[in-house]
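Subject: Structure for you to look at

Hello,

Please have it open while you read.

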Amino acid sequence: MQTRIKIDKIEPAVYRAILGLEKFIESTSLTRTHKDLIKIRSSQINGCAFCINMHTLDARKAGETEQRIYGLNAWRDTPFFSEEERAILALTEEVTLISNHVKDETYEQAAKLLDETYLAQVILAIITINTWNRIGITTNLIPA
């Protein structure tokens, strides 16, 4: 298995634009934990080994527990996540699996628990990691 095209080398301007979106997400009021949960869960769903590896390492460095990382793919069946985190994870799954659409009840639960700015930032964080996942999977990025 080897990496395919290097998009950052072939189209650096577009790659910088995506990095700009990532830098925006990093500058928001989203908590480190919320960003990590979004990145890991979306990457699990998409099957992006590169991103799963990167973001689980980052989450551990930021203090996330092994138990929560291992339980993330079955978060509905664990007591490890708060109501707010559950709403964010549900939204992450539905935005990532967008062909099924985002259910009104999922959106309304997130909107009930998060203010509009935070909700917008969550949605943008989900969209951003999905972009990275698609680059990683399509170009066959390999985790270190």
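From the N terminus on, the elements run α-α-α-α-α-α-α-α. In other words, the secondary structure comes to eight helices and zero strands. The radius of gyration is 15 Å, close to the 15 Å that the globule rule gives for 144 residues, so the protein is as compact as a globular protein of that length. Please keep in mind that this is a predicted model.

Along its principal axes, the C-alpha trace spans about 45 × 30 × 30 Å. Of the 144 residues, 40% are buried. The accessible surface comes to about 8,100 Å², and carbon and sulfur atoms account for 57% of that surface. Among contacts with a separation of 6 or more, 66% are between residues 24 or more positions apart.

Next, the pocket. The largest pocket has a volume of about 380 Å³. Its lining consists of 20 residues, and those nearest the centre are Tyr15, Phe50, Met54, Trp132 and Leu141. Which helices each supply at least two residues of this lining? They are H1 (7-10), H2 (12-27), H3 (32-46), H4 (49-61) and H8 (116-138). By residue class, the lining divides into 10 nonpolar, four polar and six charged residues.

Alanine 62 is in the loop between H4 and helix H5 (66-71). With a relative accessible area of 45%, alanine 62 is partly exposed, as the value falls between the 20% and 50% cut-offs. Leaving aside neighbours within four places in sequence, alanine 62 is in contact with Arg32 and Asp36. The C-alpha atoms of alanine 62 and arginine 32 are separated by 7.5 Å, although the two are 30 residues apart along the chain.

Histidine 101 has a phi near 70°, a positive value in a residue other than glycine. Asparagine 140 is not a glycine either, and its phi is also positive, at about 65°. Are they buried or exposed? Histidine 101 counts as exposed, because its relative accessibility of 58% is over the 50% cut-off. Asparagine 140 counts as buried, because its 14% is under the 20% cut-off.

Finally, there is threonine 131, which lies in helix H8. At 28% relative accessibility, threonine 131 counts as partly exposed. Threonine 131 and lysine 23 are 108 residues apart in sequence, and their C-alpha atoms are 14 Å apart in space.

After that, have a look at the backbone of histidine 101, with its positive phi, and of asparagine 140, with its own positive phi.

Best wishes

Definitions and conventions: Residues are numbered from 1 along each chain as its sequence is written. This is a predicted model: local features need pLDDT of at least 70, side-chain atom pairs count only at pLDDT 80 or more; totals for chains, interfaces and linings use all residues. Side-chain values use heavy atoms; hydrogens and water are left out. On a 1 Å grid over the protein atoms alone, a cavity is a set of points where a 1.4 Å probe fits but cannot get out, and a pocket is an open set with protein on both sides within 12 Å along at least five of seven lines; lining residues have an atom within 4 Å of a point. Grid points are joined across faces, edges and corners, and a volume is the space filled by probe spheres set on the points. Helices (H or I, at least four residues) and strands (E, at least two) are DSSP runs, numbered from the N terminus. Ala, Val, Leu, Ile, Met, Phe, Trp, Tyr, Cys and Pro count as nonpolar, Asp, Glu, Lys and Arg as charged, and the others, Gly among them, as polar. The radius of gyration is taken over C-alpha atoms; the globule rule is 2.2 Å times the number of residues to the power 0.38. Buried means under 20% relative accessible area, exposed over 50%, partly exposed in between (1.4 Å probe, protein chains only). Contact means heavy atoms within 4.5 Å. Accessible areas come from the Shrake-Rupley method with a 1.4 Å probe; for residues, only the protein chains shown count as cover.
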